[in-house]
Amino acid sequence: TLFRSIYAAYLMTNLSFNVFGVQVRGNAGLHYETTDETINSQNKEITTAGAITYVPFKYKQNYNEPLPSVLLMANLPDDLVLRFDYYKTFVRPQPRNLTPSTAVGATAGGYSISYGGFNLQPYSANNIDLALEWYNRPGGLFAVDVFEKWMHDLIAPLNSISQLCPPN
């Protein structure tokens, strides 16, 4: 059973200033989240006599995510708008991926072993976006946009013999 408590706070301020006589406006903010997770499980134990017993066990973890953001727009001459965005995002692991159990299955080449992911952390991304927009007529827009995204701690399958046979 998974229990998850999420607490969040958000602060934002509006910005307005001039750079070389060009008006720049936008906002900056900080979204902060903290998450507490508890997974109640049964751990399988084999006694010295060979009997199998199941012992209740709790897996606990906590993570904190500061998520800053900035959006700036500059009104350039001739109906041009320059936009800049920076923001950080994150995604929590899906509850179905947060399992402490290990599954073993037969395959044509041997066995497939799936380890539980009870200690998965969220993955995050830092994003930058720069756009130039030309409002060429009423209801018309021509825009060019470039962006970059850096992802961290992406959750993905792992094929590793070191998980099965650790050096220690």
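Q: What share of the chain's residues is buried?
A: In this predicted model, buried residues account for 20% of the 168 residues in the chain.

Q: Which residues make the nonpolar surface patch?
A: Leu82, Phe84, Leu130, Leu132 and Val146 make a nonpolar patch of about 380 Å², and the elements that contribute two or more residues to this patch are strand E4 (80-91) and strand E7 (123-137).

Q: Where does Leu82 sit, then?
A: Leu82 lies in strand E4, and Leu82 counts as partly exposed because its relative accessibility is 33%, which falls between the 20% limit for buried and the 50% limit for exposed.

Q: What fraction of the contacts joins residues at least 24 apart?
A: Counting contacts between residues at least 6 apart in sequence, 56% join residues at least 24 apart.

Q: How many salt bridges does a search of the whole structure find?
A: The search finds four salt bridges.

Q: What does Arg92 pair with?
A: Arg92 forms a salt bridge with Glu33, with 2.2 Å between the closest N and O atoms. This pair links distant parts of the chain, since Arg92 is in the loop between E4 and strand E5 (103-107) while Glu33 is in strand E2 (residues 22-46), 59 residues apart.

Q: Is Glu33 buried or exposed?
A: Glu33 is buried, with a relative accessible area of 12%.

Q: What about Lys88, which residue does it form a salt bridge with?
A: Lys88 forms a salt bridge with Glu65, where the closest N and O atoms are 3.9 Å apart. Lys88 belongs to strand E4 and Glu65 to strand E3 (residues 52-76), so the pair ties together parts that are 23 residues apart in sequence. Lys88 is partly exposed at 22% relative accessibility, whereas Glu65 is buried, with a relative accessible area of 10%.

Q: And which side chain meets Glu133?
A: The side chain of Arg83 meets that of Glu133 in a salt bridge, at 2.7 Å from N to O. Because Glu133 lies in strand E7 and Arg83 in strand E4, the pair ties together parts that are 50 residues apart in sequence. Glu133 is buried, with a relative accessible area of 11%, while Arg83 is partly exposed, with 23%.

Terms used. Residues numbered from 1 in each chain as written. Predicted model: local features only at pLDDT ≥ 70, side-chain atom pairs only at ≥ 80, totals over all residues. Heavy atoms only, no water. Buried < 20%, exposed > 50% of the residue type's maximum accessible area, 1.4 Å probe, protein only. Contact = heavy atoms within 4.5 Å. Patch = residues over 30% accessible without salt bridge, like charges linked within 9 Å, V, L, I, M, F, W, Y side chains within 5 Å. Areas by Shrake-Rupley, 256 points an atom, 1.4 Å probe, with all protein chains shown as cover. Helix = DSSP H or I, 4+ residues; strand = E, 2+ residues; numbered from the N terminus.
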